[in-house]
Amino acid sequence: NSKGSIKGMDREIKACVEALCHTADSLGVNVGKMAIGGYSAGGHLAMLYAFTHRHDSAIPLAFCISYVGPSDMNFLFPVNSGIIDKANQELQSGVKGETCKAIDGMIYSMTGDLGETKEYKAEEMDSILRSISPITYISDGALPAVFAYGAKDQLVRIPHADSLEARYQRHGGTFEMIRFPNSGHELGRDSECVERLNKTVS
């Protein structure tokens with residue numbers, strides 16, 4: 001049961017790929033490789049699967065495509081000491097307030113865990129965020145990938161692209177980073193970038 005969490009959805013994607021592999025085998029279809037891709041949250045899940053299951057995917061991975069996918073969850077959910085202190089004050093009062101509920105909701109959406117929290121710790125929150133951040137799993141000889149980001153995106157901001165690019169360059173991975181200078185999250189205001197992206201993917 002995924003419980004709607006990011007880690008649960010990653011398990012479901014893995015199970016779906018395994019089911020596809022089994023079905024293909026039963027039909028006598030040889031599926032040599034596959035690509036995985038997605039848009040926004042789907043791009044995040046595609047990267048997470050591609051980077052964490054590169055060596056154990058039931059169908060070998062050829063490359064990954066991510067359109068405006070969050071690469072580092074610390075950019076989306078920054079947790080500072082002030083928030084942690086406020087949540088712990090609520091815990092000590094014996095009544096969970098809005099801060100506790102917000103953090104609990106975030107933990108649940110990421111891990112599916114509804115465990116009883118006795119104390120919130122910044123390092124534990126950071127560990128959770130890193131565990132579902134695709135850039136955490138980029139290593140030497142990273143899977144070939146295509147990334148697209150909008151310079152004016154106010155949801156998945158350009159630091160997500162910067163982090164991906166820096167990590168791929170550091171580890172020598174083959175990738176194409178396409179930045180849409182006039183586009184936001186919809187990637188719809190740069191026709192030349194759309195053309196370049198379509199040619200790259202095809």
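**A walk through the predicted chain**

The chain has eight helices and four strands, where helices are DSSP runs of H or I of at least four residues, strands are DSSP runs of E of at least two, and both are numbered from the N terminus. This is a predicted model, in which local features need pLDDT of at least 70 and side-chain atom pairs count only at pLDDT 80 or more, while totals for chains, interfaces and linings use all residues. Residues are numbered from 1 along each chain as its sequence is written, and side-chain values use heavy atoms, with hydrogens and water left out.

Read along the sequence, the elements follow the pattern α-β-α-β-α-α-α-α-β-α-β-α. The C-alpha atoms fill a box of roughly 60 × 45 × 30 Å, taken along the principal axes. Of the 202 residues, 41% count as buried, a word that here means under 20% relative accessible area, with exposed meaning over 50% and partly exposed lying in between (1.4 Å probe, protein chains only). Among contacts between residues at least 6 apart in sequence, 69% join residues at least 24 apart, contact being defined as heavy atoms within 4.5 Å.

Helix H1 (residues 6-26) packs against helix H2 (residues 41-52) at an angle of about 65 degrees, with the two axes 10 Å apart; axes are lines fitted to C-alpha atoms, for helices over the stretch in contact, and angles run from 0 to 180 degrees between N-to-C directions. H1 and H2 are therefore roughly perpendicular to each other, on a scale where angles under 35 degrees count as roughly parallel, over 145 as roughly antiparallel, 65 to 115 as roughly perpendicular and the rest as oblique. H1 contributes Ile6, Met9, Asp10, Ile13, Lys14 and Val17 to the contact, and H2 contributes His44, Leu45, Leu48, Tyr49 and Thr52. These residues divide into seven nonpolar, two polar and two charged, with Ala, Val, Leu, Ile, Met, Phe, Trp, Tyr, Cys and Pro counted as nonpolar, Asp, Glu, Lys and Arg as charged, and the others, Gly among them, as polar.

The loop between H2 and S2 holds His53, which at 9% relative accessibility counts as buried. Leaving aside residues up to four places away in sequence, His53 touches Asp10, Lys14 and Leu61. His53 also lies 9.5 Å from Tyr137, C-alpha to C-alpha, although 84 residues separate them in sequence.

Ser40, in the loop between strand S1 (34-39) and H2, has a phi near 60 degrees, a positive value in a residue other than glycine. Val68, in the loop between strand S2 (61-67) and helix H3 (73-76), likewise is not a glycine and has a positive phi of about 45 degrees. Ser40 is buried at 18% relative accessibility, and Val68 is buried with a relative accessible area of 0%.

The crossing of H4 and H5 is left-handed. Ile83, Ile84, Lys86, Ala87, Glu90 and Leu91 of H4 meet Glu98, Thr99, Cys100 and Ile103 of H5, a set that divides into six nonpolar, one polar and three charged residues. H5 also meets helix H6 (residues 122-131), their axes coming within 10 Å and crossing at roughly 35 degrees. Ile103, Met106, Ile107, Met110 and Thr111 of H5 make this contact with Met125, Ile128 and Leu129 of H6, and the residues divide into seven nonpolar, one polar and no charged.

The interior remains to be described. In soluble globular proteins, nonpolar side chains tend to be buried together. The largest nonpolar core has 23 residues, of which Ile36, Phe51, Cys64, Phe147, Tyr149, Leu164 and Tyr168 touch the most other members; such a core is a set of buried Ala, Val, Leu, Ile, Met, Phe, Trp, Tyr and Cys residues joined through side-chain atoms within 4.5 Å. S1, H2, S2, strand S3 (145-150) and helix H7 (159-171) are the elements that give two or more residues to this core, and the largest share, five residues, comes from H2. A second, separate core of 17 residues includes Met73, Cys100, Ile103 and Tyr120.

Key. Left-handed = near helix turned anticlockwise from the far one by under 90°.
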